[in-house]
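Please look over the sequence and the structure before reading on.

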Amino acid sequence: MELAVVAILVGLPVLLFSASKFVDGASGVARHFNVSPLIIGMLIIGFGTSAPEIIVSVFAALEGNSGIALGNAFGSNIANIALVLGVTALISPIAVRSEIIKRELPIMLAIVFIAAWQLLDLSLSKDDAFTLLGLFILLLSWSFWQGMKGDSDALAEEYKEQISSDKTSVKMNLVWLLAGLVLLVASSRILVWGAIEVAGYFGVSDTIIGLTVIAVGTSLPELAASLMAIRKKEHDLALGNVIGSNMFNTLAVVGLAGIIHPTSIEQSFFYRDIVIMLILSVALFIFCIGLRGRQGRLNRLEGGIFVAAYIAYTWYLINSAFIG
């Protein structure tokens, strides 16, 4: 048991460090080849912050622990909206100026509803997984197209400012790209093993561990990126990172996990966790899309609602798993 706890305490920070360096390296290499800042931001930085989720979920699925894989993916979506954006909005309200963000919000909402509809029968089949990956390819194509034509967008300007400040050489970026990938794989295996052992010791499902410890841990890159963006008053960047991450989690992370290890899910998982993810996604859409002429904005009150909802949700999970 002690070794498993050490594995989680060591594996998680190494995972986060390696993910950051992997994204930095990939961004630097792309910048060296004059790739558009918006493409780098949307495809490498936006989706790259989900690198911990995908690596952890792939190894969990390979070892037959689909509960960790799905709990990590959907739990991270919940944490990204309620915890990451909630805390960020409490510090500084998030104004939505980017037209790309306004187009991404309904796409994200449609994606989570599609995933929920697939899981209505309480199973994730290979057909479901291939459908999600097919949609992911379409999403990548759309993002690339937006990156090619959207350099005048507010989000593009914020990505340009973020990327232009990095002066690291291409050789060092290549080193971090490769080193980050190796550390990602190694730390993910350690973290998954520790999580499985802890779940077995306490007699709780691996899904609960995926929804709590691992989901919060793998959402830390999004929290760090959003807080840094808000400090620089790059509001669209803070929101764009979370939206991109949630779409990536739902399509790529769940899709790959389902192909590797098709699985059934518990009824409680659908009616508790999937439904909460849907409610939070709808709320985010309503708050940020700007209805009735109101500019899209996530204010402190709405951020506080998100954080309170996340605290209540996490308490319920812990209480039902470890106490009740």
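## Terms and model

Axes are lines fitted to C-alpha atoms, for helices over the stretch in contact, and angles run from 0 to 180 degrees between N-to-C directions. Helices (H or I, at least four residues) and strands (E, at least two) are DSSP runs, numbered from the N terminus.

This is a predicted model, in which local features need pLDDT of at least 70, side-chain atom pairs count only at pLDDT 80 or more, and totals for chains, interfaces and linings use all residues. Residues are numbered from 1 along each chain as its sequence is written, and side-chain values use heavy atoms, with hydrogens and water left out.

## The chain as a whole

The chain has 13 helices and 4 strands. Of its 324 residues, 55% are buried. Buried means under 20% relative accessible area, exposed means over 50%, and partly exposed lies in between (1.4 Å probe, protein chains only).

The accessible surface comes to about 13500 Å². Carbon and sulfur atoms account for 68% of that surface. Areas come from the Shrake-Rupley method with a 1.4 Å probe; for residues, only the protein chains shown count as cover.

Contact means heavy atoms within 4.5 Å. Take the contacts in the chain between residues at least 6 apart in sequence: 87% of them join residues at least 24 apart.

## H3 against H4

Helix H3 spans residues 51-62. Its axis and that of H4 come within 7 Å and cross at roughly 160°. That angle makes H3 roughly antiparallel to H4. The classes are these: under 35 degrees is roughly parallel, over 145 roughly antiparallel, 65 to 115 roughly perpendicular, and the rest oblique.

H3 passes H4 in a left-handed crossing. A crossing is left-handed if the near helix is turned anticlockwise from the far one by less than a right angle, and right-handed if clockwise. From H3, the contact uses Pro52, Glu53, Val56, Ser57, Ala60 and Ala61. H4 answers with Ser66, Ile68, Ala69, Asn72, Ala73 and Ser76. The residues of this contact divide into 7 nonpolar, 4 polar and 1 charged. Here Ala, Val, Leu, Ile, Met, Phe, Trp, Tyr, Cys and Pro count as nonpolar, Asp, Glu, Lys and Arg as charged, and the others, Gly among them, as polar.

## H4 against H9

Helix H4 covers residues 66-91. The axes of H4 and H9 come within 7 Å and cross at roughly 45°. H4 is therefore oblique to H9. The crossing is right-handed.

On the H4 side are Gly67, Ile68, Gly71, Asn72, Gly75, Ser76 and Leu83. They meet Asp206, Thr207, Gly210, Leu211, Ile214, Ala215, Val216 and Thr218 in H9. By class, this contact has 6 nonpolar, 8 polar and 1 charged residues.

## H8 against H9

H8 runs over residues 170-202 and H9 over residues 206-218. Their axes come within 9 Å and cross at roughly 120°. That makes H8 oblique to H9. H8 passes H9 in a right-handed crossing.

H8 supplies Ala195, Val198 and Ala199. H9 supplies Asp206, Ile209 and Ile214. This contact has 5 nonpolar, no polar and 1 charged residues.

Leaving aside neighbours within four places in sequence, Asp206 is in contact with Asn65, Gly67, Ile68 and Ala199. Asp206 and Ser66 are 140 residues apart in sequence, yet 8.3 Å apart in space, C-alpha to C-alpha.

Leu177 sits in helix H8. Beyond its neighbours within four places in sequence, Leu177 is in contact with Lys21, Phe22, Gly25, Ala26 and Val29.

Leu122 lies in the loop between helix H5 (99-118) and strand E2 (123-124). Its phi is near 65°, a positive value in a residue other than glycine. Leu122 is partly exposed, with a relative accessible area of 23%.

Ala309 belongs to helix H13 (residues 300-323). Ala309 is partly exposed too, with a relative accessible area of 34%. The C-alpha atoms of Ala309 and Leu280 are separated by 9.1 Å, and the two residues are 29 residues apart along the chain.
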